[in-house]
Structures are given as structure tokens and as C-alpha cells.
Amino acid sequence: MDKFTTLTGIAAPMPLVNIDTDMIIPKQFLKTIKRTGLGVNLFDEMRYDRDGNENPDFVLNQPAYRDAQILIAGDNFGCGSSREHAPWALLDFGIRCVISTSFADIFFNNCFKNGILPITLPQEAVDVLMEDARKGANARMTVDLENQTVSASDGQEFGFDIDPFRKHCLLNGLDDIGLTMEKAPAIDSYESQMAQARPWV
């Protein structure tokens, strides 16, 4: 998992509330167990028409936001089913941070496990960032995980809370496997001792 330290990038405004995981990645794209290749189908039903042509009105199809790395979203982002493909699709598109007033619990947890930082801020702060994001590609935001701040393009800064353990994992690029591998010496030592003490196992 890539480390998340400081991210400066384009933020795309998506003020819709209750964006569920089926909107993020529709069910017909859940056949794969690979974490890559899903970005092209992110928000598929909003990005494309029935013939597969891009909808020019959808924010991520607009030239200013094609390289967005931050998403400013409406309330209750990631609700619905518990599909891990949702953060996979976001990450594959290039989204590393989602900012909202609230998230569905399972989606929120899945983001951390896949290197995406979900930030919860008060409505007033999200409103400011949403308006800033509407300025387009020239308005770049900065997310500083170490100092737990989000800075708008005009320098206005907002602090956010994060669980210390999750912060440690993101800063060091540790998913569940990475955390286990940190204990590799202790695991090897235990297995060696058990092989000697119980060779029949």
C-alpha cells in the first residue's frame, strides 16, 4: 500500500448526498478480485450514457477534474452494500482522499485498508471546500496527514481528527498484510521454537 503523507492536488466537487457503493461501482463490475482496472467504471452510470459515451456534464468527465485526487462529497458517502470494490475503483481512478460530513462505517473502514484517507469535517468546512473545488484545476488543495489539516487554495485551513493507529498505518503504507509482516521476526522465532518443541505438528 502506498504511503499517505501530504497530498496536494485537484479536488472535484460532488455535492450529492447518499452516494452509495452501487453508484460508486455498479454491481456488474464486481466479478473481479483484482484491485486494478476498476477506475474506468467508477461512477459508471453517471459518467456514461447507454451507448458508452461520456456524459460531459459529469464532474469527473470535465477537463478540469480528470486528474482529481481529492473528492469533496455530500453527506453519508459510501452507504449501501459493503463492497470493497468501491475504494478499489476510487483508488484506481486516482482518488486518494474523500472529504465529507459523514461516511458509512464499512466504506470508511475499507478506505483506510486500501490507502484512501476519508476525512470527516463539519458542514461549514465542507461547504467552503466544495466552493473552492468548483474553481477547477487552478484551485489545488493540500491534505497534510501528519499535521491533520486540509488547506483550501486560498490558504484557509481546517483541522481534522483521525484515529492514531489508522494514521500510523497510512503514513507508513501498512495494510493488514503489512502490519502482519512487521511481526515477521517474532513469527519466525515462534515457528522455530514450535518446530523444535513439537516436531510432529
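Reader: Why is Leu121 called buried?
Author: Its relative accessible area is 3%. Buried means under 20%, exposed over 50%, and partly exposed in between, with a 1.4 Å probe and protein chains only. The 3% of Leu121 falls under the cut-off, so Leu121 is buried.

Reader: What kind of model is this?
Author: This is a predicted model, in which local features need pLDDT of at least 70 and side-chain atom pairs pLDDT 80 or more, while totals for chains, interfaces and linings use all residues. Residues are numbered from 1 along each chain as its sequence is written, and side-chain values use heavy atoms, without hydrogens and water.

Reader: Where is Leu121 found, and what does Leu121 touch?
Author: Leu121 is in the loop between β4 and α5. Leaving out residues up to four places away in sequence, it touches Ile99, Ser100, Thr101, Val126, Leu129, Phe158, Gly159 and Phe160. Contact here means heavy atoms within 4.5 Å. Gly159 is 38 residues from Leu121 along the chain, yet their C-alpha atoms are separated by 8.2 Å.

Reader: What makes the buried residues of α5 a single side of the helix?
Author: Start with the residues. Helix α5 (residues 123-133) buries Ala125, Val126, Leu129, Met130, Asp132 and Ala133. They lie on the same side because they cover an arc of only 160° around the axis. That arc is taken over the directions from the helix axis to the C-beta atoms. Their cover includes β1, β2 (70-73), β3 (97-100), β5, β6 and β7 (157-159).

Reader: Which other residues of α4 are buried, and what do they pack against?
Author: In α4 (residues 105-113), the buried set is Phe107, Phe108, Asn110, Cys111 and Phe112. This set packs against α1 (21-24), α3 (85-93), β4 (117-120) and α6 (164-172). Just after α4, Gly115 takes a positive phi of about 85°.

Reader: What makes β1 and β5 a pair?
Author: Five bridges join β1 (residues 6-14) to β5 (residues 140-144). Pairing needs at least two bridges found by DSSP, so β1 and β5 qualify. The two strands run antiparallel. Ile10 stands opposite Arg140 in β5.

Reader: How do you know that β5 also pairs with β6?
Author: Three bridges link β5 to β6 (residues 149-151), in the antiparallel sense. Val143 has Val150 in β6 as its bridge partner. The hairpin of β5 and β6 has four residues between the strands, and Gln148 takes a positive phi near 55° there.

Reader: What counts as a helix or a strand, and how many are there?
Author: Both are DSSP runs, numbered from the N terminus: helices are H or I with at least four residues, strands E with at least two. The protein comes to eight helices and seven strands.

Reader: What share of the protein is buried, and what share of its contacts joins residues 24 or more positions apart?
Author: Of the 201 residues, 46% count as buried. Among contacts with a separation of 6 or more, 66% join residues 24 or more positions apart. The C-alpha trace spans about 65 × 40 × 25 Å along its principal axes.
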